[in-house]
Number of protein chains: 2
Amino acid sequence: MLQEKIKKYSVYLASQSPRRQELLKDLGVDFLIASRLDVDEQYSSVYYKEEIPIYLSDKKADAYMSVLKSADRLLITADTIVWIDEQVLGKPKDKQEAIIMLKMLSGKKHEVITGITLATQQKRHSFFCSTEVWFKNLSQKEIVYYVENYKPYDKAGAYGIQEWIGYIGVEKIQGSYFNVVGLPVQRLYSELEKFIDSEV
Amino acid sequence: MLQEKIKKYSVYLASQSPRRQELLKDLGVDFLIASRLDVDEQYSSVYYKEEIPIYLSDKKADAYMSVLKSADRLLITADTIVWIDEQVLGKPKDKQEAIIMLKMLSGKKHEVITGITLATQQKRHSFFCSTEVWFKNLSQKEIVYYVENYKPYDKAGAYGIQEWIGYIGVEKIQGSYFNVVGLPVQRLYSELEKFIDSEV
């Protein structure tokens, strides 16, 4: 099991997201949180769809290289985007932008794509995980009620699937649920196992 | 919004499941828990697949009819089954049975099907919701570790998707995640809206 194999590493998660921290904890992995560094999250327009979160998680790994002070340290970085109508929805900057984003998602399918990078002094591996999410037609009342009460300004696409809007609004998903919450835990577990096995 | 429409009712949930109670609460519905009644959960072999949880939720509504003492009361009953290889997995009676069930689910797709019945003095409406769940190949170690540490004896199919085994084992789902946890909240929300609208 991963829990045994991973014991020889000190695992560092480079994410301040309480949801990601909670998910990694519940996966049964002991880890430390790397001190926050500001990473410029700009990306070139040459990147498309899943290339964007992979590029960004890789860029975060570059920024956090100083964490890898010894051979027994393992760094995890991640980036999540919401992809709809050939464009990325980031975090809304205010109430109006959150409402616009939720109107875009209403009655349609979008994709939540997470890019993850695993790194040690020896090597680095990146992968992505995508989940399709279908929202019902949300009413103006439901959207405004959610934004005013849940203030989803720290969430890409302006919603949390684990919050009220996810309960009343998400008709179905295809893929990993936990990926939409913030971290594709099953995929991460299996990628960590392979990564560690290949290091020996 | 449902929250306004449902105010004229006293809602009773006939389920002792803490997961169902939590999900209904997070949906924003105020409700009371109907006192436990023992319902015989036997069913005839004429029922197949989704007919089984629909029959059982309907049977529970029969048993709980005494809750509907006045016209403003609304009863919700539910039953969930795990369906794999043309058969139903119920709750495992001991460690050995739990291990056998998880070995059946390992490396395969199964369906989690919930039947729900809404009832007032005036009328009754039943529906079902099905979610497909894909497990990776679980190792013997992973199965035994989970059963010994999580004791899933109160869960159909011997697993909780929101527990460690769901984190490491569920590769993907298709449908509603919350249905697998215990209650298809989005569908219930929309069915409650329609049910109440049609009562006026």
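Of the 115 residues in the largest nonpolar core, A:Leu27, A:Leu75, A:Val185, B:Leu27 and B:Val185 touch the most other members. A nonpolar core is a set of buried Ala, Val, Leu, Ile, Met, Phe, Trp, Tyr and Cys residues joined through C-beta atoms within 7 Å. A residue is buried if 20 or more other C-beta atoms lie within 10 Å of its own, exposed if 12 or fewer, and partly exposed in between, with C-beta atoms placed from the backbone. In soluble globular proteins, nonpolar side chains tend to be buried together. The model is predicted, so local features need pLDDT of at least 70 and side-chain atom pairs count only at pLDDT 80 or more, while totals for chains, interfaces and linings use all residues. Residues are numbered from 1 along each chain as its sequence is written, and chains are lettered from A and ligands numbered from 1 in the order in which they are written.

Leaving aside residues up to four places away in sequence, B:Leu27 touches A:Tyr167, A:Ile168, B:Val185 and B:Tyr189. Two residues are in contact if their C-beta atoms, placed from the backbone, lie within 7 Å.

Chain A has eight helices and seven strands. Helices (H or I, at least four residues) and strands (E, at least two) are DSSP runs, numbered from the N terminus. The C-alpha atoms of chain A fill a box of roughly 55 × 35 × 25 Å along the principal axes. Buried residues account for 42% of the 200 residues in chain A. Among contacts in chain A between residues at least 6 apart in sequence, 68% join residues at least 24 apart.

The interface was considered next. Across it, 24 residues of chain A are in contact with 24 residues of chain B. On the chain A side, two or more residues each come from helix H5 (140-150), helix H6 (164-169), strand S7 (170-175), helix H7 (177-181) and helix H8 (185-199). The largest share, six residues, comes from S7(A). By class, this side has 12 nonpolar, six polar and six charged residues. Here Ala, Val, Leu, Ile, Met, Phe, Trp, Tyr, Cys and Pro count as nonpolar, Asp, Glu, Lys and Arg as charged, and the others, Gly among them, as polar.

Chain A can be laid on chain B with an RMSD of 0.0 Å by a turn of 180° and a shift of 0.0 Å along the axis. The two copies are thus related as by a two-fold rotation axis. Superposition is by least squares on the C-alpha atoms of residues with pLDDT of at least 70 in both copies. Of the interface residues of chain A, 100% are also interface residues in chain B, so the copies meet through the same surface. A:Gln174 comes closest to the rotation axis of the residues of chain A, its C-alpha lying at 2.2 Å.

Strands also link the chains. S7(A) and S7(B) (residues 170-175) run antiparallel and are joined by three bridges. Two strands pair if DSSP finds at least two bridges between them. A:Gln174 stands opposite B:Gln174 in S7(B).

Within chain B, the pairing continues from S7(B). Strand S6 (residues 124-135) of chain B pairs with S7(B) in the antiparallel sense over four bridges. B:Glu132 has B:Gln174 as its bridge partner, and B:Phe135 has B:Val170. S6(B) also pairs antiparallel with strand S5 (residues 109-119) of chain B, over 11 bridges. A hairpin joins S5(B) to S6(B) through four residues. B:Ile113 stands opposite B:Ser130 in S6(B).

Four bridges join S1(B) to strand S3 (residues 73-84) of chain B in parallel. S1(B) also pairs in the parallel sense with strand S2 (residues 32-33) of chain B, over two bridges. B:Leu13 has B:Ile76 as its bridge partner in S3(B) and stands opposite B:Ile33 in S2(B).
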